[in-house]
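Here's a quick look at one protein interface and a bit of helix packing. Have the viewer open as you read.

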Amino acid sequence: MDPAGPSAASVATLWWIMFTGGTLIFAATSVVLAVAWAKPRLLGANPQRLLILWGGLVLPSIILAALVFSAFALGERLIGASGSPAPLRIEAVAERWMWSFRYLINGAVSEQVLHIPAGEPVEFAVTSEDVIHGFWIPRLGGKIDAVPGHTNMIRLQADRPGRYGGVCAEFCGEGHEIMRFEVVAHPLQEYEAVLDRLAAGEAP
Amino acid sequence: MTRSSPLLTLAAGFTIWASGFAVIYAVQGVGCAYGWDLIALGPVSLLRLVLILLTVATAAIIYVVARALSGAIPGKEREASHFMLSVAAGAALLAVPATLFTFAGVFIATACS
Amino acid sequence: MSTPSPIRLHKELSRIWDTAPGLGRLSAVNHTVLGKRFIITAFVFFTIGGLLAMLIRAQLATSKNAFVGPDIYNQIFTMHGTIMMFLFAIPMFEGFAIYLLPKMLGARDMAFPRMAAYGYWCYLFGGSILIAALILGVAPDGGWFMYTPLNSKPYSPGINADIWLLGITFVEISALSAAIEIIVSILKLRAPGMTLNHMPIMAWYLLITAFMMLFGFPPLILASALLELERAFGLPFFDPTRGGDSLLWQHLFWLFGHPEVYIIFLPAAGAISMMVPTFARHELIGYRTVVLAIIAVAFLSFGLWVHHMFTVGIPHLALTFFSAASGLVAIPTAVQIFAWIATIANGRPKLDVPMLYLFGFFVIFIIGGLTGVMVAMVPFNLQAHDTHFVVAHLHYVLVGGFVFPMLAAAYYWLPHFTGKRSDHVLSRPAFWLIFVGFNLTFFLMHLTGLLGMPRRVSTYPLEAKWDWLNLLSSFGSFIMTIGFALFVIDVFLQVRFGTRFRRDPWSAKTLEWATPTPATSYAFASLPEISDRADRLEPAALGPKLAGGEGYLGFTRNNWMETLGVDMMTARPTEVIVLPRPTFLPFWTGLATGAFVLCLLFKLYWLSLVPFAITIGLWFVWTLTTGSRTDSAPLDIGHRQSAPPHWQVERPPSWWAMLFAIGGDAVMVTSLIFGSLFLIVVAPQWPPQTYVTVSPLLLSAMVAGAIIAALSGRFAVKQLLSGTPPLAGLSVAGVGYLVALTAATIAILNMGTLTAHAQAAMLFALLAMAALHAAIGLLLIAYGFLRHFSGKLSALRSMDLRIGKLWHDASALVVLACVVAALVLQFDLSSARLR
């Protein structure tokens, strides 16, 4: 995990919280099991009430409620419609086994290489021409499936200029593993020129 | 009912939960397809209002059933029917918070993409 | 009747119950024999699936590995998943259930021995078709989840996908028949006095699991049938260019697929709940709470299938339902885990080999459960979905939640199978190798997944820096394999050289240890009376008494294979169930069904009618030996009590079986109706350019015919009960069905092209579903006539017609529901859309 965008960063935070919590729960349960086996008297005279009621019901319920509701809130920020409309929209179309991108600003098109501005949220409209694919740039955030007949939206942002790898996440047949694409995040001020060159058919 | 179909009573609470689930999920899908989220009713959309009402109704029905089941538990501790009805009532009672928890999203989450 | 000596009783019962040697083995219907067969066959498939996993790890050991190409690799991982899910886990638990249930419940066999045998042959033949395809290099290669359109005709033109759809559906026949058999056996075939709250806890686990199978498998069977129709005849149910939707497949598949995980885990948890009390030397704490927890798990598991589909573009609100339910299911699971811990805390635990494996279960399963809660959270799921993190999670859950408990169960019940104890030289090293190897293999996959390695790739670039993690994973998998090899050797040594024991080697408190070991074909020479919870018994003392014929039915009569049926609630004996003798019929019927499947596979549709007709014909032959031509007085069952034979009671096992079969059928029909509504609302390319319609007259004729059939089916029962031959009722019902069937056929023939749009295809599917119900009804009417003319019906022996009545009522409702859905499908509802 090496997040390079706000979406990936907040998921990384969520992961570290869950990882720490999960480790603690695992350790606590193991200790309880070991104590139950070796020194049950430490659990009191009437351990079943403590174990089943508190360990099985009450504690997990509290932890789960906290986790589920914070995940709701985060999910709402990541995939809900809240926030300002994204200034930039790119159509990503999957086809066995390649990706093509259309930039709605000026109608430019690119294949296998995706050009985005750094520091700006971009909204992707993802669909497929044939089977189901998955649009995923691991370091920028979550993925969305490219489903034929449907158009799915996902909003991603690269914080810094640079090159990132993109993959097809949903199994799509023999070329699944080679169905990669490259993401180039350009500095914001250069981005318009890049799209102009793309539209003119020149190298960006 | 409790005499002839003990298995049904065991399943009663969560069967209502499951039916509520099916209805709420279906209404959500149909509502999005037909644009009920675009009809505003005061602070919420028509779709959200319907979903909230369905959630509350599901929880309320299960609660009534749970009360009825716990009222029907016979006194004799060792009888099988005592066991069955107390499990049935317990399951139904637990299905009430399960309902509110499962559908809590209707109050906050974005209804349609 | 006087009680014979134990030896003579044993000889007489063995003569009646034993399976003949040699080719006669093919006629086995006995639960002990079939249970072992299921277990051994499932283990063979497990070995094949494990070898495939080794190939996967060999391929992934280094980046850019050229060991196998993607075409072969896709077959390997598809078959690994398919085999482990359908040919190993489910049949393995069925085998344990079939072998153990009657012995735990105090019965001599399962309720429908011939169905169990038929289920075994379906499983064996269906599984063999898949393995043959693997050897021939034409195995399914589109993923064990068979997503469309990848597995639709344009993108998978070969026979590979057909093999999955037909082969697995064939295997599922055995799962469904086992589910019904398990339910009825638990509800009806218990020892007198063993009320539901006194059952051994594993019976509760198996009862609820069987219900989950009954409701979980029909959506998959339906989806497989629809996809096969699409592949074979071009009906576009899942084709997005013609009004179908690939998401419909995903919904139907995961509606089965997630409950499936709990269908696998719960029986294992049942076994754990039997073993933990034995080794804690204390009865299970919180019996009632555990039953409650199983019920909650069973239901919740049907409300979280979309967590496999968080990335398909469903609105966040809908995702929250499934995310919350996925998190919620952890609570009843935690309750069970702490019930086991509480049992240990209350007891005087002793460590033995099964308990060692259970510790392995605790560690691995808890980690799997925790990562499960993590991937249930939508934002994290979007990142981890389809990566090796999920591979790690699912193996922690399934291997931790099923394989480790099953290894423990193998060591625990092996003495029961063999009558011998192990000296356990190899079982401890085997455990440590499997445990360490497993964690090395799969713990690291959490990391590779977090580093972004997607699933289902055969190569990955060197620059990704996943090499060392993958190499260690592969190394771990070899350690694990050595552990499994030791386990096999250990079992072999125990079978061959173990030391004999008398009874109950673990000092367990449950009834299965009261049978002779190795188990006799009839399990109990006489059936016990249970007056307390059935995990508080003293098998060592009880066993000899039962062998001496002191319980119920401690004698033989008419060469009948008898066991007792009890009232579901009070557990008082209500009937003597006379079970069918060993017969080759299940074998031949399984072969005929297999020939039918092969015909479909090779697209010999006209020829397929021959094995199909033979299968139906054989079903009728099955019934020739059942029932009686004379009314019988109540039969002596011992202890100065008597009970009628099962064909003279109101609700015999087969009545319940029909009721539950109808329950599964209702799920299938509901799934189909859900599918047509789903396409109307969600699928692209709607509304269709032209609507295919069916004349309302024909639709009304279908409903009218089915209702007439249901009413006259009821009338036939009335006639029979009042002493009149039921010919009028049966005839009119037959005519009603014929009307419905004819109307449906005319309607289908007049629909024109079915391949242009999913609207027409769905309309066809609804009419065909209605017609199928009418056709089965017609067969039941024919069965009624057969029973009447062979003299098997009387006012006292009316069960055949009453079972038919259940179906006639249900099929009238189904025809009505299908017709209403068909009407909805003919109207353009898109004008009401605001979007």
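## Where chains C and A meet

The contact draws on 57 residues of chain C and 58 residues of chain A, with two residues in contact if their C-beta atoms, placed from the backbone, lie within 7 Å. On the side of chain C that touches chain A, the elements giving two or more residues are helices 3 (70–105), 7 (246–280), 9, 10 (330–346), 11 (353–376) and 12 (378–384) of chain C. Helix 10 of chain C supplies the largest share, 11 residues. By class, that side splits into 35 nonpolar, 18 polar and four charged residues.

This is a predicted model, where local features need pLDDT of at least 70, side-chain atom pairs need 80 or more, and totals for chains, interfaces and linings use all residues. Residues are numbered from 1 along each chain as its sequence is written, while chains are lettered from A and ligands numbered from 1 in the order written.

## Helix 9

Helix 9 of chain C (residues 316–328) has 13 residues and reaches 18 Å from first C-alpha to last, close to the 18 Å expected at 1.5 Å a residue. Because 13 of its 13 residues are buried, helix 9 of chain C is largely enclosed by the rest of the structure (buried is 20 or more other C-beta atoms within 10 Å of a residue's own).

## Helices 5 and 17

In chain C, the axes of helix 5 (residues 160–188) and helix 17 (residues 585–601) come within 10 Å and cross at roughly 165°. The two helices of chain C are therefore roughly antiparallel (angles over 145 degrees).

Terms used: Helices (H or I, at least four residues) and strands (E, at least two) are DSSP runs, numbered from the N terminus. The expected span of a helix is 1.5 Å times one less than its number of residues. A residue is buried if 20 or more other C-beta atoms lie within 10 Å of its own, exposed if 12 or fewer, and partly exposed in between; C-beta atoms are placed from the backbone. Axes are lines fitted to C-alpha atoms, for helices over the stretch in contact, and angles run from 0 to 180 degrees between N-to-C directions. Angles under 35 degrees count as roughly parallel, over 145 as roughly antiparallel, 65 to 115 as roughly perpendicular and the rest as oblique. Ala, Val, Leu, Ile, Met, Phe, Trp, Tyr, Cys and Pro count as nonpolar, Asp, Glu, Lys and Arg as charged, and the others, Gly among them, as polar.
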